[in-house]
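Biologist: I would like to go through this structure with you. May I put some questions to you about it?

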Amino acid sequence: MAVKSHFGMVSWTEWPEDDIRLRRGDATERYRKLLADDVRLHTYMQFLFFRQWEALRDYAHENGVSILGDLPIYVALDSADVWASPEWFQLDENNVPTGVAGVPPDYFSVDGQLWGNPLYDYDAMRHDGYGWWIKRIGGVSKLYDAIRIDHFRGFESYWAVPYGDTTAKRGRWVSGPGMDLVGILSGTYPELRFIAEDLGYPTREVRELLDDSGFPGMKVLEFAFDSRDESNYLPHTYAPHCACYTGTHDNVPLMGWRSEANPADVEMAKRYLGLNDEEGFAWGFIRGGMSSVAELFMAQMQDYLGLGSEARTNVPGTLGGNWQWRLSPGQITPALTERIAATTRMYGRSARR
């Protein structure tokens, strides 16, 4: 970060001096001395963050609350991870990606999603015993009590797009490390709970990897109500070893879904869940998930508040305008708190009865 500030905050891939961009010779040590004040500043800011986070986590634990963190499967190209450890990524001799991550065309996007993250060199990682991954999970274990591995299916196979393409259409599936890596992570951190985000392209191989991992997969209620075909996201199809979500950060809140979804799907949800105006549309979905056999239930705060599309967190495959929703002071009222608590207790999802 000190060097990035020195070069005007451009990505490390655009730094004008090759020696520090590629970490050659004594360049790292030279800049460490040259920018010593900035290095200390960034170290101090990280110290403040971790001190505040630990205080927050301790407070949560004292009140019986665990913290579930989200772990994206990939890291950004413009990250300390890639700059400092290029040997674990699919890069050329100038540390330019040879391929990048994404997903093929689907109902979210006809062009697919071009994420642009550098791909892992799993062969190199395997020879090293997956040390980089072990350290990464060790880092997040200091922050969270459980983690949801985003794009878990990428451990079975991942969509590799040629670097420089403007869409994900020309990508191809490449085999991932599978249980070779997953088993090491779960075995190294047996005290850490994992959830596998197994949405999208649930092939037989992905289902087998999920079963072998022992991790619970995800069920999303907004995906359940397809009036054309029965979905395995309907609560009566659940096995207990799963996590039920009303929707994820990539979905519109429930009130927005009611306005934007196929009207026939909305009617199916009304019939299936017995939705009514007295209870409220979003609260009927929450009841449906709370009362399911899923071992974990998650609802977005936007759904507890009954907010619509204006409060959406993220639109997949787009840049800008995402991750900007914030909970405002006063939105969580005593009445809302009691309703959430009462519903949680009613369906046996609270340690305090």
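Modeller: A salt bridge is a side-chain nitrogen of Lys or Arg within 4 Å of a carboxyl oxygen of Asp or Glu. Please bear in mind that this is a predicted model.

Biologist: How far apart are the closest N and O atoms of Glu279 and Arg287?

Modeller: The cut-off for a salt bridge is 4 Å. Glu279 and Arg287 form such a bridge, and Arg287 is partly exposed at 22% relative accessibility. The closest N and O atoms of Glu279 and Arg287 are separated by 2.8 Å.

Biologist: Is Arg170 buried or exposed?

Modeller: Arg170 forms a salt bridge with Asp165. A residue counts as exposed over 50% relative accessible area. Arg170 has a relative accessible area of 57%, and therefore it is exposed.

Biologist: Which residues are linked with Glu17 in a network of salt bridges?

Modeller: The side chains of Asp26 and Arg30 meet in a salt bridge, at 3.3 Å from N to O. Asp26 is partly exposed at 49% relative accessibility, and Arg30 is partly exposed at 36%. The network joins Glu17 with Asp26 and Arg30.

Biologist: Which residue in E5 is the bridge partner of Gly102?

Modeller: The open sheet has 4 strands in the order E3-E2-E5-E6, with antiparallel pairing. Strand E2 (residues 99–103) pairs with strand E5 (residues 157–162) over 4 bridges. In E5, the partner of Gly102 is Trp159.

Conventions
Residues numbered from 1 in each chain as written. Predicted model: local features only at pLDDT ≥ 70, side-chain atom pairs only at ≥ 80, totals over all residues. Heavy atoms only, no water. Pairing = 2+ DSSP bridges. Helix = DSSP H or I, 4+ residues; strand = E, 2+ residues; numbered from the N terminus. Buried < 20%, exposed > 50% of the residue type's maximum accessible area, 1.4 Å probe, protein only.
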